[in-house]
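Trainee: I should like to discuss this structure through a series of questions. May we look at it together?

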Amino acid sequence: MTRRRTTHNVGNNGDLFARLGKLEAENLRLRKEVEFLRRNPTIAKGLTGESLIAKLVSGQPAPKGASHDLASGESGLLFEVKYSSLLNTINGRPYKRWVWTKLFGELGKKSYDRLLLVGDTDPRFAAHYADPTSPYVIFDLPYDAAIEITGGLKMGRSSCIHLTTNPTTVRSQRAVALFCDYQVSASDLHNRYASIQAAGSEI
C-alpha cells in the first residue's frame, strides 16, 4: 500500500514540475516582452493604438508581411494604421505635431482601402478635436486621398505626413483637409464600419 502511494505521489510531482517549468518559461517570455516594450515606448503605444482601431472597425490583424495592418470582417476593407506620439517642433517653439511615416511601406507598394492615422491628443487643444474626451485624434483617409496629401506614391520615409496638433492655426490646404474632411471620432469610426459589417452580414 505504501509503495503504491509513493509511486502515485512521484507521478503527481512529475506533472507538477513539468507545469512549473512551463510557467517559468512563459513568465520569462512575458518579462522579456515587457522589458522590450519598456525600452521601446513608441512601439508599445503603436500597438495600443492599433488594438483600439482593430476593435472600432471590427478588424483582424493581417499576416506578417501583408500590404495592410487590418482586414475588416465580411466587408473586406483593408486598413493601414499609423500611430504618432506628440512631437516637438523645431527651433524650440511651443508647438507640437504628429508625424506619420512609411505610409506606403519601404518600397512604396503597400495597398489598402483606408489609411487610419492615430495621434496622441494634445490636451491644450482637446476642445477643438472631433472628440474632446478621447486620448487619441483619428483621421480616416481613402487610399487615393493619402496619395494626394503626401504628394504621390513614395517609398519609405519619403511618404509621410507632418501635422500640427493645433487645428486653429492650420493654413495649408492639406492640413485643412485633414482636420475638416478626414478627422473622425472613435464613435464615428465605429459607426461607419460597423454599418458596413452589418450590411455584409445580411447579404
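Trainee: Is tryptophan 100 buried or exposed, and what is its relative accessible area?

Mentor: Residues are numbered from 1 along each chain as its sequence is written, and side-chain values use heavy atoms, leaving out hydrogens and water. Buried means under 20% relative accessible area, exposed over 50%, and partly exposed in between, with a 1.4 Å probe and protein chains only. Tryptophan 100 is therefore buried, its relative accessible area being 0%.

Trainee: Which kind of pair do the rings of tryptophan 100 and phenylalanine 139 form?

Mentor: Rings of Phe, Tyr and Trp (its six-membered ring) pair if their centres lie within 6.5 Å; planes under 30 degrees apart count as stacked, over 60 as edge-to-face and the rest as tilted. Phenylalanine 139 is buried, at 0% relative accessibility. The two ring centres of tryptophan 100 and phenylalanine 139 are 5.9 Å apart and the planes stand at 70 degrees, so the pair is edge-to-face.

Trainee: Which residues do ring pairs link into a cluster?

Mentor: The structure holds 11 aromatic pairs. Ring pairs join these residues into a cluster: Trp98, Trp100, Tyr129, Phe139 and Phe179.

Trainee: What is the average pLDDT of the protein chain?

Mentor: Over residues 198-203, pLDDT stays under 50. Where pLDDT is low, the predicted coordinates should not be read in detail. In the protein chain, 75% of the residues score at least 70, and the average pLDDT is 80.

Methods:
pLDDT is the predictor's confidence in each residue, from 0 to 100. Contact means heavy atoms within 4.5 Å.
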